[in-house]
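Dear colleague,

Please find the structure below, handed over for your own work.

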Amino acid sequence: MTAADCPSCADERTAGAAFCEACGNRLTEPPAAAPVPTGGPAPTAGPAPTAADSAGPTAGPGPVAGSARVCLSCGTEGEIGADGYCGNCGMLAFRPRDHLETEAGAAAAVTDRGLRHHRNEDAMWLAARGPDVDVVVCDGVSSSFDPDVASQTAVDTAGLLLAVLKAGDELPERIGEAVVAAGAAVAELVGNGDPRRATSNPACTIVAACVRGCEVGYAWVGDSRAYWLPADGEIVELTVDDSWATQAISMGADPQRAWNDPKAHAITAWLGADAGTIAPRIGELTATTAGQLVLCSDGLWNYLTESHGFAETVRSHLHQAGSPLGAARSLVAFANGEGGADNITVAIVPVVPTAS
């Protein structure tokens, strides 16, 4: 069985398939003995999918069609089935991960493919048990093979490990251990599945956090970010990007020139078999006032690189939407409105310190 990239969209995972799962185009010529039939009823499709929000200790949001309610191949509206295929032209209109939404307690998260990528390589985990909330955001490294598998593997591994943590458990260190375990799981992908993983190791970034009452612990590798946005006061950027631009700025480079450099977003740390020893950076905060913990991939913050602008935008969307889920949805729409050049993930977790 030979592996061949799709000549139409260059999707990498088409080995042995007759049709490309990214764009739906045929990869091989149909056999002469099996001509395409003519006449007969047109194929039918089920109802278009709708948002399926989840709460509790799982991260199993269902797909929503989003912009895929209109088939991108033939322009037909309302013919997209639950499997993502258009009932009119038969092409793959969207993948289940193209747009996902979930709620867990008062928290919410949304991930979206964006407008330029043919698949969503971001992944998210959001779970709540009473006031305890766990959240993980991963961004697949597009230059690696199967980055979407890497990000999903990382959030699943880290998310399950965060579930056992309690207040007072040395949260940052334990979250860091979960990130290391996620890195080991991603590294193991190189020996499984498609042999091309061995030459271009699946890779992703990660940011993970636990909210336990007024205690917030977090850890990260790469350039997915976490922010603390108090109800009043200045935003705090909790993470520092593992990226070329951040490293250059720390060595004295002009910030504007560094961010405008083509190498700006080149990451200097990641999860994957070629990442070397994984040393997550960790942190913690004790919330003394109510606020929002915001985690996101660079598909959002790249349009809001300054903390002040990020804070004003998030606050505005929270005010207008009236809920974390509504704000996460509208922030994704904002990023797509700015160009949607990358996959977009945003998670918003309200933190309300309890009175002693």
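At 57% relative accessibility, Leu160 counts as exposed (over 50% relative accessible area, with buried meaning under 20% and partly exposed in between, for a 1.4 Å probe and protein chains only). This residue belongs to helix H1, where helices are DSSP runs of H or I with at least four residues, strands are runs of E with at least two, and both are numbered from the N terminus. The C-alpha atoms of Leu160 and Asp134 are separated by 9.3 Å, and the two residues are 26 apart along the chain.

Please note that this is a predicted model, in which local features need pLDDT of at least 70 and side-chain atom pairs count only at pLDDT 80 or more, while totals for chains, interfaces and linings use all residues. Residues are numbered from 1 along each chain as its sequence is written, and side-chain values use heavy atoms, with hydrogens and water left out.

Overall composition

The protein has seven helices and 12 strands. Of its 356 residues, 48% are buried. The accessible surface comes to about 15,900 Å², and carbon and sulfur atoms account for 55% of that area; the areas come from the Shrake-Rupley method with a 1.4 Å probe, and for residues only the protein chains shown count as cover. Where contacts (heavy atoms within 4.5 Å) link residues at least 6 apart in sequence, 64% join residues at least 24 apart.

Helices H1 and H2

H1 (residues 147-162) packs with H2 (residues 171-188) at an angle of about 145 degrees, and their axes are 8 Å apart. The axes are lines fitted to C-alpha atoms, for helices over the stretch in contact, and angles run from 0 to 180 degrees between N-to-C directions. On the H1 side, the contact is made by Ala150, Thr153, Ala154, Thr157, Ala158, Leu161 and Leu162, and on the H2 side by Ile175, Ala178, Ala181, Ala182, Ala185 and Val186. By class, this contact has 11 nonpolar, two polar and no charged residues (Ala, Val, Leu, Ile, Met, Phe, Trp, Tyr, Cys and Pro count as nonpolar, Asp, Glu, Lys and Arg as charged, and the others, Gly among them, as polar).

Most residues other than glycine have a negative phi. Asp146, however, has a positive phi of about 55 degrees; its place is in the loop between strand S4 (132-140) and H1, and it is buried at 2% relative accessibility. Glu170, in the loop between H1 and H2, has a positive phi of about 50 degrees and is exposed at 57%.

Cysteines

How many disulfides does a search of the whole structure find? The search finds zero, a disulfide being a pair of cysteine sulfur atoms within 2.5 Å. For Cys204, the closest cysteine sulfur is in Cys138, at 4.5 Å, and therefore too far for a bond. Cys204 is buried, at 0% relative accessible area, whereas Cys214 is partly exposed at 29%.

Gln292, in strand S11 (residues 291-296), is buried at 18%. Beyond its neighbours within four places in sequence, Gln292 has contacts that include Tyr227, Trp228, Leu318 and Ile348. Asn336, in helix H7 (residues 324-337), is buried at 17%. With neighbours within four places in sequence left aside, Asn336 is in contact with Asp112, Gly114, Leu115 and Ile344.

With kind regards
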